[in-house]
Amino acid sequence: MARWAIAIHGGAGVDPNLPEHRQEEAKRVLARCLQLGVDLLRAGTPALDVVEAVVRELESDPCFNSGRGSALSRSGSVEMEASIMDGRGRRCGAVSGVSTVKNPVSLARRVMEKSPHSYLAFDGAEEFAREQGLEVVDNSYFITEENVGMLKLAKEANSILFDYRIPLTGADTCSALAAASEKNHGAGNGMVMNGLPISIYAPETVGCAVVDSTGACAAATSTGGLMNKMNGRIGDSPLIGSGTYACKACAVSCTGEGEAIIRSTLARDVAAVMEYKGLPLQEAVDYCVNERLDEGFAGLIAVSGTGEVAYGFNCTGMFRGCATEDGFMEVGIWE
Amino acid sequence: MGWAIALHGGAGDIPRSLPPERREPRLATLRRCLDLGVAALQAGRTALDVVELVVRELENCPHFNAGRGSVLTTDGTVEMEASIMDGTTMGCGAVSGVSTVVNAISLARLVMDKTPHIYLAFQGAEAFARDQGVETVDPSHFITEENIDRLRQAKQANRVQIDYTQPMEGQPPKDDNSRTGTVGCVAVDASRNLASATSTGGMVNKMAGRIGDTPVIGAGTYANALCAVSATGKGEAIIRHTVARDVAALMEHQGLTLRDAAEHVVAGVPRGNFGLVAVSVSGEISMPHNTTGMFRACATEGGYSEVGIWPDDGGET
């Protein structure tokens, strides 16, 4: 009999000046969602059902950037994406460009189980959601007042630059832009993630990785994507092998600068390093975060088939929580 | 050593009885595209430019499932996708749901070069194409009589079923690389830069909105400092096995040669599902497939070249 374990995240790259009450709120949501997963695992729920249930809960809470509370595209609308993977048989499902489905992760699961495909996007995904009878809501349900303000700030900062790896030049009066142009990675407000000063970048993607007491692994990830993203932009979250991966050895969910995660096929690489280099979970996670992430900022959570949990990130903070069968439980933000 | 190039026009159950009128135009296109790529490499073009150039040519050929000649969705429309990756910078670009852009691969390149993102899809990708002023046409340009027939046959055979793991009913069309067709090109140039590009119309009778492996970096396309890989076949299998990245991962993490890594990956995917073309930084080429055949071609600076469909189609030195 294997031992169950669960890890969750609410995004990597946290403004070090995030007000105390916001930190507390985020931790409360993480603790509640983690507890939901723990209760399900204790009741013998399969890993795949647990990751879906936990991510649904994270999507439904406006605190994080997925489902309600999703970041807004350039046009002010919400375009959500999600993926889910079952380590047994490596089955997977993914969706992008979802604008009315209350819980995109559940749509991703339907794609996996009820369609001949593994990835549906935009109108095709919406149509499939209706065929499947999933709960749909008006796009405005997902839009929070705070995110409307964030989009305005992001636009003022002229963010999502031509190339976010090139330091900002010709700064105007916006203080956020001035902060960004310091490009002082890893130190306070100067950190830029995906072209956004970290104070605007805000919490990101949510995800969950679980191994159940039968040793089955599963992972799921869901996001609203980048604030002020171009309409039609796809990030790492729906991409199997980048944002999400699960096999017999482990389950992984990533968050952070999507483009850096895609280039490094980060989630699959944790599994590949375990499989091909024979490293244990935490060493595989450290290796991937330190060696595979080029100049990008990201973080990830992972569980192994043998019941270990691990996480890693190379930026300031990651909203995260984890628990194992032997009673260990942790919710944290900073290193 | 030196430059090397490999390209494919899809893997599948290609019967040896494929009549000459279906075989020859495809072989001629492969030869022409190979010559084009070789000439560009000899002229000192970078691997990235060469793979884009060759895939554009393959897209323009109506006999392969990409660009003009793309297979049709269940609605009878064309939704093309493509991706490109530069192994030197690890930069990459991808598009899905493209319906009016003549060369989807060049749009993927523009996403890589001109946006802060890697991947744009559907209306957003189309709007970006218009911003960039790339050549667009009416969607009917991409639709061939042959593909209208293929869709009808597929619908009759109910080839895209609710559970694709169940056996398919009905007879596959006679030249069937339609379910699994894709075009792709990998190259290493004389300066040891690697690049990969892949483009497709997807699978015949696919649901509207379906995304396959082709635009997914790590699945259909991957390149780094060690190798460049372009995969073709059943997209869902390629995605879950992260096929293109896995060839590179085996070289990187286990020290395998390109050939051993590629064969290991092919052996791990259910038979009949896929093939790939790959080149290494040292100019090695591998083109394994576990289907009946794969439309493929390759050449090296050392003078080796090969154009073929079935496994025993030999090369020339």
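**Note on a predicted two-chain model**

1. The side chains of His253(B) and Asp269(A) are joined by a polar contact of 3.3 Å; such a contact is a pair of N or O atoms within 3.5 Å, where within protein one must be able to donate a hydrogen and the other to accept it, and residues adjacent in sequence count only if both atoms are side-chain atoms. This is a predicted model, in which local features need pLDDT of at least 70 and side-chain atom pairs count only at pLDDT 80 or more, while totals for chains, interfaces and linings use all residues. Residues are numbered from 1 along each chain as its sequence is written, chains are lettered from A in the order in which they are written, and side-chain values use heavy atoms, with hydrogens and water left out.

2. His253(B) belongs to helix H7 (residues 243–254) of chain B; helices (at least four residues) and strands (at least two) are DSSP runs, numbered from the N terminus.

3. Chain A contributes 46 residues to the contact and chain B 44 residues. On the chain A side, Pro116(A), His117(A) and Tyr276(A) lose the most area to chain B, together 19% of what that side buries.

4. UniProt, in an unreviewed entry, lists Thr205(A) under "active site"; such annotations may be inferred rather than shown by experiment. Thr205(A) sits in the loop between helix H7 (198–201) and strand E7 (206–211) of chain A, and is buried, with a relative accessible area of 1%. Residues touched by Thr205(A) include His9(A), Asn65(A), Ser222(A) and Cys254(A).

5. Chain A holds an open sheet of 8 strands with mixed pairing, in the order E4-E3-E2-E8-E7-E1-E14-E15 (two strands pair if DSSP finds at least two bridges between them). Strand E4 (119–121) and strand E15 (329–332) stand at the edges, each with a single partner strand, so one side of each has no neighbour in the sheet. Strand E1 (residues 5–12) and strand E14 (residues 318–324) of chain A pair in the antiparallel sense over 6 bridges, and Ile6(A) stands opposite Ala323(A) in E14(A).

Definitions and conventions:
Buried < 20%, exposed > 50% of the residue type's maximum accessible area, 1.4 Å probe, protein only. Contact = heavy atoms within 4.5 Å. Buried area = accessible area lost by both parts, 1.4 Å probe. Lists of a residue's contacts leave out its neighbours within four places in sequence.
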